[in-house]
Amino acid sequence: MNGIIVHRDSHLENLAGQLANALDAEPVDNVLAPRTLVVAHPGLGRWLLREFAHRDGMRGIAANFDLIEPWQWLERAAERALIEAAGADWKHERLRWHIHALLPEIRDAQVAGYLAGEQGALRRMQLAERLAGVYTQYLIFRPGWIADWEAGKDRGDWQADLWRRLRKGISGPHRAQRRDALVAGLSARGDGERLPLHVFGVSHLSADILDALQALSSRREVHLWFPDPCRHYWADLKTPRELLKRQPDGEELYFEIGHPLLVSLGRMAQDFFIRLDALGLELGGDEGGDVQGEGLLGVLQASLRDCAPERLVAEAARLDDTSLRVHSCTTRLRELEVLKDALLDALVADPELQHNDIVVMAPDIGAYAPLLPAVFGETARYVDDPSCIPWHLADVRLVQTHPLLRAFARLLDLAESRFALSEVLDFLDVPAIARRFGLEPADREALESTLRRAHVAWGLDAAMKEQAGGAAVDRNSWAFGFDRLFAGMIAGADGDNASRDGLLVDGILPLAGV
């Protein structure tokens with residue numbers, strides 16, 4: 001039986017268990033061949049493997065799985081189903097360099113003005129990077145615009161002009177061009193696999209990926225494991241603002257608000273639900289039963305699952321627990337400090353709670369990466385201390401997780417910085433750099449103490465301070481501090497005699513005790 005089968009459940013754990021049972025029931029031709037699973041993001045893939053490993057009889061092991069993201073599956077499918085795959089130059093990493101080369105040819109006053117001046121070279125690179133990301137999004141979500149541009153429309157649009165120049169200089173079809181050919185190829189030949197394809201944990205898929213999955217479903221089964229927060233049909237729920245817009249239309253009075261949290265925070269899942277419904281797919285209800293968690297969080301989850309906000313209003317007043325809390329913090333660093341206190345409190349309150357039972361999520365976890373070692377210590381290191389929590393960072397680029405790569409990235413940014421004392425000294429906190437220069441922790445402390453006594457604050461010299469918008473004075477710059485250090489070495493005063501006697505070396509007050 002071919003086609004797309006949608007599995008909905010408001011409990012992700014239930015979906016993981018059902019997926020594991022489905023994989024066990026599928027006969028394989030080669031037990032050594034890895035099973036390919038498409039997951040929404042890498043962090044979810046790691047969680048899924050953990051769920052597999054802790055099933056009965058698995059002995060804590062889940063191996064031989066090839067976990068890929070939806071866009072990676074699309075690339076593989078295109079390579080197998082198409083004779084001519086998409087050109088590598090259309091990928092973001094290479095596309096930006098093609099854009100960088102063509103930007104001077106664009107005859108647009110705004111672009112020319114932006115690229116003019118002393119910072120023109122830097123702005124040109126920044127604009128190329130930004131445009132590469134924008135064009136990549138156009139290929140996915142605005143293929144119609146791309147087709148119009150290539151047909152010669154929008155002659156007055158510099159973005160369209162730049163795109164046409166790119167199209168002439170890059171060989172091979174791009175993602176929008178190959179879309180129809182890919183759908184036809186998958187419908188006619190499939191992707192060379194026989195076993196069902198499982199797509200787990202997705203609440204959003206771009207139109208070309210969903211079209212490709214639908215085409216593939218004519219050749220083999222495709223299972224979509226959709227974590228839907230609501231068990232009922234909720235495609236017709238609207239926000240109050242949308243209802244006000246539709247009020248004059250008497251034919252659309254069947255719309256309702258439903259659960260306000262669903263319509264305000266669940267728009268992506270609702271849009272995905274509507275798209276699946278438009279394809280004519282069977283969207284069965286949540287089969288997870290009426291199990292409700294404890295406390296305020298359990299009541300909230302149950303009200304979302306049943307689309308019954310009145311239940312939350314009725315029961316929340318009598319509940320007084322900490323299963324759902326909101327902490328208002330002023331900075332990211334303070335957020336992490338409060339988080340650590342909350343986690344330590346939870347670990348003390350529940351002796352059965354383990355470190356690997358805890359997951360922390362954020363919209364942009366990479367923004368917290370530089371601050372995590374300051375609060376939680378070094379990554380993936382267990383210390384026999386109840387106040388230490390071992391941690392591992394997922395879903396971020398390698399440069400944000402490895403201290404040496406982070407230091408190299410900061411080094412590249414240093415030329416555009418103010419050269420603050422703390423920014424420079426941070427490099428000496430990287431163990432590899434400290435070892436390279438033979439610095440012990442006591443040396444690092446002595447360097448900072450000496451530089452602070454020399455009153456080094458920021459800026460290389462007076463010229464740099466003026467360039468950064470400050471006064472053109474050497475005071476408190478690195479040049480100012482080094483002059484005092486060198487003068488202290490020349491004067492040779494070990495105590496405070498130089499400062500007390502007012503001895504100047506070439507007009508500079510020596511720093512005592514260098």
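**Figure 1. Secondary structure of the protein, a predicted model.** The protein holds 25 helices and 5 strands. Two of the helices are α19, residues 403-414, and α20, residues 421-425. A loop connects α19 to α20.

**Figure 2. Overall dimensions of the C-alpha trace.** Along the principal axes, the trace spans about 95 × 65 × 60 Å. The radius of gyration is 30 Å. A compact globule of 514 residues would come out near 24 Å.

**Figure 3. Burial and contacts across the chain.** Of the 514 residues, 35% count as buried. Contacts between residues at least 6 apart in sequence were sorted by separation. Of these, 68% join residues at least 24 apart.

**Figure 4. Surface and charge of the protein.** The accessible surface comes to about 30200 Å². Carbon and sulfur atoms account for 54% of that surface. The protein carries 57 positive and 77 negative charges. Their mean positions lie 5 Å apart.

Figure 5. E416 counts as exposed because its relative accessibility is 59%, and the cut-off for exposed is over 50%. Leaving aside residues up to four places away in sequence, E416 touches Q119 and L122.

**Figure 6. E416 and R241, viewed as a pair.** The two residues are 175 places apart along the chain. Their C-alpha atoms are separated by 45 Å.

Notes: Residues numbered from 1 in each chain as written. Predicted model: local features only at pLDDT ≥ 70, side-chain atom pairs only at ≥ 80, totals over all residues. Heavy atoms only, no water. Helix = DSSP H or I, 4+ residues; strand = E, 2+ residues; numbered from the N terminus. Rg over C-alpha atoms; globule rule 2.2 N^0.38 Å. Buried < 20%, exposed > 50% of the residue type's maximum accessible area, 1.4 Å probe, protein only. Contact = heavy atoms within 4.5 Å. Areas by Shrake-Rupley, 256 points an atom, 1.4 Å probe, with all protein chains shown as cover. Lys, Arg positive; Asp, Glu negative; His and termini not counted. Charge placed at Lys NZ, Arg CZ, Asp CG, Glu CD.
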